[in-house]
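We will go from one selection to the next, looking at what sits at each stop.

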Amino acid sequence: MLLPSVSLLVIASATALADDGPTAPDLPMQWTHSGTQVLAFPQPPWLAAPVPQVTTAMRSSYDWTRHAMRESYTDACVPIFPKGSMWSCDFVNVNNTSYLLQYEDRVPGQPQCCIFEQPWVPPNPHFGKTLKYLTNTTDGGATVMWWQSVGVSRDQGGPFGYGWRVDNQGDLIPYAFYFGAFWNWANGTFAEAFTLQYFIDFKAEAPPEDAFDLPPSCATAKPCTNWPAYLDTTSRGHPFMGHSNGLH
């Protein structure tokens, strides 16, 4: 879902602008990164260091010149489903549409490709202007500056936020993204939690030409309504799944 991933994928709409403190920097028009998604923890990372329950590898590609983005999750999908996300998945955002791709480990009976949201575009590179500066933390001696969404409540899928690491030259490098998520804790009780996505090997470069290609199964894709089958019938359309159409 910088990325997400978002990950930028799971950004909820935010209309208020930050009114004090430094402004979050713009992102490049094109970029790629690998990363680690940490599921899940009870507080946002600027309050307390996350205690991982599950970690999964991920990778993102973004190209605003094509209004396209792809997020790939190797071991566990984005934790926005009330009863689990332990299958691999991709979200591909192209042609004003977000497609969910699932693979051999998907829940039986689920399609290989369905339409997650339409219309949908990735957030634009200037979305940081809608965020409010919070505080600084440190990681390995480096300063991390945190910004968070304004006016996006838990029942709207928020808050979400971004961290930028200050490098040795004083430049701000994308560091991490966090967002509201579902998680079933070890004792089996439901919890509203946060998930953190660390950006690794962030590069301001154009993704490969085929980064946003869709498989043939997407040609006849239908909306991902009432899915996965083992979820309760209210999961589709839950606020945590009601992602935005981008920040324009």
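Start by selecting Cys 114 and Cys 224: both are buried (under 20% relative accessible area with a 1.4 Å probe, protein chains only; exposed is over 50%, partly exposed in between). This is a predicted model, in which local features need pLDDT of at least 70 and side-chain atom pairs count only at pLDDT 80 or more, while totals for chains, interfaces and linings use all residues. Residues are numbered from 1 along each chain as its sequence is written, and side-chain values use heavy atoms, with hydrogens and water left out.

Now show the sulfur atoms of Cys 114 and Cys 224, which lie 1.9 Å apart and form a disulfide (a pair of cysteine sulfur atoms within 2.5 Å). The torsion about their S-S bond is about 100°, so this disulfide is right-handed. The pair links distant parts of the chain, with Cys 114 in strand β6 and Cys 224 in the segment after β11, 110 residues apart. Strands here are DSSP runs of E, at least two residues long, numbered from the N terminus.

Next, select Cys 113 and Cys 218. Their sulfur atoms are 2.0 Å apart, forming another disulfide, and with 105° about the S-S bond this link is right-handed. Here too, distant parts of the chain are linked: Cys 113 belongs to strand β6, Cys 218 to the segment after β11 (190-203), and 105 residues separate them. Cys 113 and Cys 218 are both buried.

Which cysteine does Cys 77 join in a disulfide? Select Cys 89 to see the partner, with an S to S distance of 2.1 Å. Cys 77 is in the loop between β3 (68-73) and β4 (89-94), and Cys 89 is in strand β4, twelve residues away. The link is right-handed, with 90° about the S-S bond. Cys 77 counts as buried because its relative accessible area is 0%, and Cys 89 is likewise buried at 0%.

To see the whole set, display the three disulfides together. With the bonded cysteines numbered in sequence order, the pairing reads 1-2, 3-5, 4-6.

For the last stop, move to Thr 130, in the loop between β6 (113-117) and β7 (132-139). Is Thr 130 buried or exposed? Its relative accessibility is 10%, so Thr 130 counts as buried. Finally, select Thr 23, which is 107 residues from Thr 130 in sequence but 8.7 Å away in space, C-alpha to C-alpha.

Notes: Helix = DSSP H or I, 4+ residues; strand = E, 2+ residues; numbered from the N terminus.
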